[in-house]
Structures are given as structure tokens and as C-alpha cells.
Amino acid sequence: MHIKYKENNDLDKQNPINMRDLDKAMNELNICEKTTEDLGTIRRYLERLTLIIERSRIREYMMLTDSKRRLFTINFIAGLGKGFGQAIGLSILAAFVFYLLSKSVDLPVIGEYIARLMDIVDEYRRR
């Protein structure tokens, strides 16, 4: 006995096999009690597998990878966001480290360089 479902090439419109239809097809078969128990076990495993597949969103992933332009756009925007976040995070971390170093360690070489840099900036402001 074959379980019929609508055949359609479009993934969005394809209907999966309903578990009630599967139960009905199994009950229509005249089989022994042992086979019925085995089919019940198979049915439970099928239900678990269906749940796992639905939760994993494989269908959405396949639709995403089907469109190369959409996949590129999403990855490009994600990359921009990651790069921007890393730049801001590094800036904050470096500022914090330099602040701690300036409070705890006297750095004459760096201090002289910064003083000269500030003098250059002040001269530029005066002009």
C-alpha cells in the first residue's frame, strides 16, 4: 500500500505525510501483534525524527543556500557587523589598557612622544 501525497516541485507548497494518515495505513494492514508492535516503535522513531528535522530548520537553510545573491548579502552584512564590533571592542580594550598603564607605570619615552604630539596639535590650533 502506498501513501499518496501531493507532488509539487516547490518546497514551500509540498505537504509532508501526516502521522494520522500513517496510522490509518498501518491499521488497514492485517498483520500479527509482533509486527504491530514493531510498527508502533517505527512510528515513534518517525515522530522523533520529524520533530528533530523541524527543529533543525533544514528547509530554511536549503532555501537560503539556493539563492547565491541572498546568501552573499546576508554574509556580507554579518561580516560588516562583526568587523565593526571587533573594531569598537579593540578600541575600548586598548583605551582601558593604556589608561591602566598611564596610572600605574611611568613611561618617559612614550610620555615625551605624547607631549611632542600635543605640542604639535596646539601649534596647529593656534594657526
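Start by selecting I42, L46, L49, I53, I58, Y61 and M62: together they make a nonpolar surface patch of about 660 Å². A patch here is built from residues with over 30% relative accessible area and no salt bridge, with nonpolar side chains (Val, Leu, Ile, Met, Phe, Trp, Tyr) joined within 5 Å and like charges within 9 Å. The areas come from the Shrake-Rupley method with a 1.4 Å probe, and for residues only the protein chains shown count as cover.

The largest share, four residues, comes from α2. Helices are DSSP runs (H or I, at least four residues), numbered from the N terminus.

Before you go on, keep in mind that this is a predicted model, where local features need pLDDT of at least 70, side-chain atom pairs count only at pLDDT 80 or more, and totals for chains, interfaces and linings use all residues. Residues are numbered from 1 along each chain as its sequence is written, and side-chain values use heavy atoms, leaving out hydrogens and water.

Next, click on Y61, which lies in helix α3. Is Y61 buried or exposed? Y61 is exposed, at a relative accessible area of 55%; the cut-offs are under 20% for buried, over 50% for exposed and partly exposed in between (1.4 Å probe, protein chains only).

Slide back to helix α2 and pick E47 and R43, which sit four residues apart there, about one turn of the helix. E47 forms a salt bridge with R43, and their closest N and O atoms are 3.0 Å apart. The term means a side-chain nitrogen of Lys or Arg within 4 Å of a carboxyl oxygen of Asp or Glu. A search of the whole structure finds one such bridge. E47 is partly exposed, at 30% relative accessible area, and R43 is partly exposed too, at 23%.

How many aromatic pairs does a search of the whole structure find? One. Select F72 and F76 to see it: the pair is stacked, 6.0 Å centre to centre with 20 degrees between the planes. Rings of Phe, Tyr and Trp (its six-membered ring) pair if their centres lie within 6.5 Å, and planes under 30 degrees apart count as stacked, over 60 as edge-to-face and the rest as tilted. F72 and F76 are four residues apart in helix α4, about one helical turn. F72 is exposed, at 58%, while F76 is partly exposed, at 46%.

How values were computed:
Helices (H or I, at least four residues) and strands (E, at least two) are DSSP runs, numbered from the N terminus.
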